[in-house]
Amino acid sequence: MNVITRLQDELATAGLRLRKAQARGEGRLTLEIGTGDGPVCAGQWHADADATERVAARTRALCGAQSVDVLARSEER
């Protein structure tokens, strides 16, 4: 299963839909996520779970605890 399919499946379990994914360097994607025809929000995917945690912590510090939701953790940690 490729990364995009895994992202689509993981987002679907949270009631979300992957609208767009764009490579942003090796091991990183920026995402456009939505709820069907509803609002759109931004997201990120990192091949490195530690990078995800660092970005999430930095975003929470700048924007508040409710600004980030990490949907899945890598099984490769």
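**View 1. The β1–β2 hairpin.** Strands β1 and β2 form a hairpin with 4 residues between them, and Gly25 in the turn has a positive phi of about 110°. The model is a predicted one, in which local features need pLDDT of at least 70 and side-chain atom pairs count only at pLDDT 80 or more, while totals for chains, interfaces and linings use all residues. Residues are numbered from 1 along each chain as its sequence is written, and side-chain values use heavy atoms, with hydrogens and water left out. Strand β1 (residues 17-23) runs antiparallel to β2 and is joined to it by 6 bridges, where pairing requires that DSSP find at least two bridges between two strands. Lys20 stands opposite Glu32 in β2. Strands (E, at least two residues) and helices (H or I, at least four) are DSSP runs, numbered from the N terminus.

**View 2. The largest nonpolar core.** Leu7, Leu11, Leu18, Leu29, Leu31 and Ile33 make up the largest nonpolar core, which has 6 residues; such a core is a set of buried Ala, Val, Leu, Ile, Met, Phe, Trp, Tyr and Cys residues joined through side-chain atoms within 4.5 Å. Both α1 (3-13) and β2 (28-34) supply at least two residues of this core, and β2 gives the most, with 3 residues. Leaving out residues up to four places away in sequence, Leu31 touches Leu7, Leu18, Lys20, Ala21, Cys41, Ala42, Gly43, Gln44 and Trp45, a contact being heavy atoms within 4.5 Å.

View 3. The 15 residues of α2 (residues 49-63) should span 21 Å at 1.5 Å a residue, which agrees with the 21 Å between its end C-alpha atoms; the expected span is 1.5 Å times one less than the number of residues. Ala49, Ala51, Thr52, Val55 and Ala56 are buried in this helix, whereas Arg58 and Ala61, on the other side, are exposed (buried is under 20% relative accessible area, exposed over 50%, with a 1.4 Å probe and protein chains only). The buried residues of α2 pack against β3 (40-46). Just after α2, Gly64 takes a positive phi of about 105°.

**View 4. The surroundings of His46.** His46 has its place in strand β3 and counts as buried because its relative accessibility is 11%. Its side chain makes polar contacts with the side chains of Gln44 (3.1 Å) and Thr52 (3.2 Å), where a polar contact is a pair of N or O atoms within 3.5 Å; within protein, one must be able to donate a hydrogen and the other to accept it, and residues adjacent in sequence count only if both atoms are side-chain atoms.
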